[in-house]
Each structure stands twice: as structure tokens, then as C-alpha cells.
Amino acid sequence: MIADRDQLDLTQQPDVETFIAERRPEAVFLVAGRVGGIQTNATYPAQFSLRIWRLL
């Protein structure tokens, strides 16, 4: 099963828990991230880091 960002916002813990509970997968692989490059990291360092940490 796959969920793209339109189907599931991985930064919303309750939504993720519901998604997993309803589907009961045998294993979960988190293959998500946010990429912006040097300019994005320099312009929005806190927001960029916070978004990534919410995925963990």
C-alpha cells in the first residue's frame, strides 16, 4: 500500500495512527522527506528542520 502526500500528511500523528490501524500492515517503511537545497535551507532553516523532524 502506498499513500502520497495528498492522501496522508505524515506530520499529523493521529492521521498516521488511524491510517496504519485501519490497514494493519505487516511492516512500515517511511520513505519521505523534504528537499529544498541550499537556498531553502538558508532562507527557512527552522521551518525546514521542523517539518523534517515531524516526519520522524
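**Close-up views of charged and buried residues**

View 1. Arg5 has a relative accessible area of 72% and is exposed. The model shown here, as in every view, is predicted. Arg5 sits in the segment before α1, a helix that spans 13–23. Exposed means over 50% relative accessible area, so Arg5 qualifies at 72%.

**View 2. A patch of positive charge on the surface.** Four arginines gather here: Arg5, Arg34, Arg51 and Arg54. Together they form a surface patch of positive charge. Arg5 brings the segment before α1 into this view. Where does Arg23 lie relative to Arg5? The two are 18 residues apart in sequence, and their C-alpha atoms are 17 Å apart in space.

**View 3. The salt bridge between Arg23 and Glu22.** The side chains of these two residues meet at 3.4 Å, N to O. Side chains of opposite charge can pair when their charged atoms come close. The cut-off for a salt bridge is within 4 Å, so the 3.4 Å contact between Arg23 and Glu22 counts. How many salt bridges does this rule give? The count is 1. Arg23 belongs to helix α1. How accessible are the two partners? Glu22 is exposed, at 58% relative accessible area. Arg23 is partly exposed, at 38% relative accessibility. Partly exposed lies between the buried limit, under 20%, and the exposed limit, over 50%, so 38% places Arg23 in that class.

**View 4. Arg24, with a positive phi.** Arg24 lies in the loop between α1 and α2 (37–43). What is the phi of Arg24? Phi is near 45 degrees, a positive value in a residue other than glycine. Arg24 is exposed, with 71% relative accessibility.

View 5. Thr11 lies in the segment before α1. Is Thr11 buried or exposed? Thr11 is buried, at 12% relative accessible area. Buried means under 20%, so Thr11 falls in that class at 12%. The contact joins side chain to side chain: Thr11 to Asp9, at 2.6 Å.

**View 6. Leu55 and Asp9, apart in sequence.** Leu55 is part of helix α3, which covers residues 45–55. Its relative accessible area is 16%, so Leu55 is buried. How many residues separate Leu55 and Asp9 in sequence? They are 46 residues apart, with 9.1 Å between their C-alpha atoms.

Key
Residues numbered from 1 in each chain as written. Predicted model: local features only at pLDDT ≥ 70, side-chain atom pairs only at ≥ 80, totals over all residues. Heavy atoms only, no water. Buried < 20%, exposed > 50% of the residue type's maximum accessible area, 1.4 Å probe, protein only. Patch = residues over 30% accessible without salt bridge, like charges linked within 9 Å, V, L, I, M, F, W, Y side chains within 5 Å. Areas by Shrake-Rupley, 256 points an atom, 1.4 Å probe, with all protein chains shown as cover. Lys, Arg positive; Asp, Glu negative; His and termini not counted. Charge placed at Lys NZ, Arg CZ, Asp CG, Glu CD. Helix = DSSP H or I, 4+ residues; strand = E, 2+ residues; numbered from the N terminus. Polar contact = N/O pair within 3.5 Å; in protein donor to acceptor, adjacent residues only side chain to side chain.
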